Amino acid sequence: NFTFGNNSQARYVELYTVVGEKIEEYYIPSGQNSCGLNIECLNAGMYFVRILNDRRMLIVSKAFPKVN
């Protein structure tokens, strides 16, 4: 789960491979301050998550490893 805080402007979460291929996109309704990502089906490796506002402007980008 990703938690954005009570006053977050986050509206979209995008999941990418290390080479920049978009795997998934999630919409976050107004008033919701967290988003659960199911990464069980992903292969082991490095991935990136990008959190965007309602105008699709980047708020934050984070890398994370998936370990089997």
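Biologist: What percentage of the 68 residues in the protein chain is buried?

Modeller: This is a predicted model, where local features need pLDDT of at least 70, side-chain atom pairs count only at pLDDT 80 or more, and totals for chains, interfaces and linings use all residues. Residues are numbered from 1 along each chain as its sequence is written, and side-chain values use heavy atoms, without hydrogens and water. Buried means under 20% relative accessible area, with a 1.4 Å probe and protein chains only. By that cut-off the buried share is 31%.

Biologist: How many strands does the protein chain have?

Modeller: Strands are DSSP runs of E, at least two residues; helices are runs of H or I, at least four. The chain has 0 helices. Its pattern reads β-β-β-β-β-β. The strand count is 6.

Biologist: What radius of gyration does the protein chain have?

Modeller: The value is taken over C-alpha atoms, and the globule rule is 2.2 Å times the number of residues to the power 0.38. For 68 residues a compact globule would come near 11 Å, and the chain agrees with that. The C-alpha box is roughly 35 × 20 × 15 Å along the principal axes. The radius of gyration is 12 Å.

Key:
Buried < 20%, exposed > 50% of the residue type's maximum accessible area, 1.4 Å probe, protein only.
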